[in-house]
Amino acid sequence: MSEFAPICIYLVISPLVSLIPLGVPFPFASNSSTYPEKLSAYECGSDPSGDARSRFNIRFYLVPILFIIPDPEVTFSFPWEYLLTRLIYFDLGP
């Protein structure tokens, strides 16, 4: 059981570390009924128009896709770069 102690400690501490910051603001938050304008749909004063589930143009999805595709490739290329630089040092003999 002693070899599983760090895992158990991690499983206890990690939810606390993530949930405590989520719960701390609640005692200090003001009551929303004191500010009725905060409960309105828009604070700018304009009424909502149209359906909230309207379709977006495909161009709005292409930009995030262009950023999402290279991110894993760059992330997984770092271990290969490290491995290849170590192999190059071994090959630089006389």
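User: Hello! How many helices and strands does the secondary structure of the protein chain come to?

Analyst: Welcome! In this predicted model, the chain has 4 helices and 0 strands. Followed along the sequence, the pattern reads α-α-α-α.

User: What makes residues 7-28 a "transmembrane region"?

Analyst: That label comes from an unreviewed UniProt entry, which places the annotation on residues 7-28. Such annotations may be inferred rather than shown by experiment. In the model, the span is 95% helix and 0% strand, and its end C-alpha atoms lie 34 Å apart.

User: Why is Leu 16 called partly exposed?

Analyst: Leu 16 has 46% relative accessibility. Buried means under 20% and exposed means over 50%, so at 46% Leu 16 falls in between and counts as partly exposed. You will find Leu 16 in helix α1.

User: What makes up the nonpolar patch on the surface?

Analyst: Its members are Ile 9, Val 12, Ile 13, Leu 16, Val 17, Ile 20, Val 24 and Phe 28, and together they have about 810 Å² of accessible area. Helix α1 (residues 5-23) gives the largest share, 6 residues. A patch residue needs over 30% relative accessible area; Leu 16, at 46%, passes that cut-off.

User: What share of the 94 residues is buried?

Analyst: Buried residues come to 0% of the chain. The accessible surface is about 9,500 Å², and carbon and sulfur atoms account for 70% of that.

Notes
Residues are numbered from 1 along each chain as its sequence is written. This is a predicted model: local features need pLDDT of at least 70, side-chain atom pairs count only at pLDDT 80 or more; totals for chains, interfaces and linings use all residues. Side-chain values use heavy atoms; hydrogens and water are left out. Helices (H or I, at least four residues) and strands (E, at least two) are DSSP runs, numbered from the N terminus. Patches are made of residues with over 30% relative accessible area and no salt bridge: like charges are joined within 9 Å, nonpolar side chains (Val, Leu, Ile, Met, Phe, Trp, Tyr) within 5 Å. Accessible areas come from the Shrake-Rupley method with a 1.4 Å probe; for residues, only the protein chains shown count as cover. A salt bridge is a side-chain nitrogen of Lys or Arg within 4 Å of a carboxyl oxygen of Asp or Glu. Buried means under 20% relative accessible area, exposed over 50%, partly exposed in between (1.4 Å probe, protein chains only).
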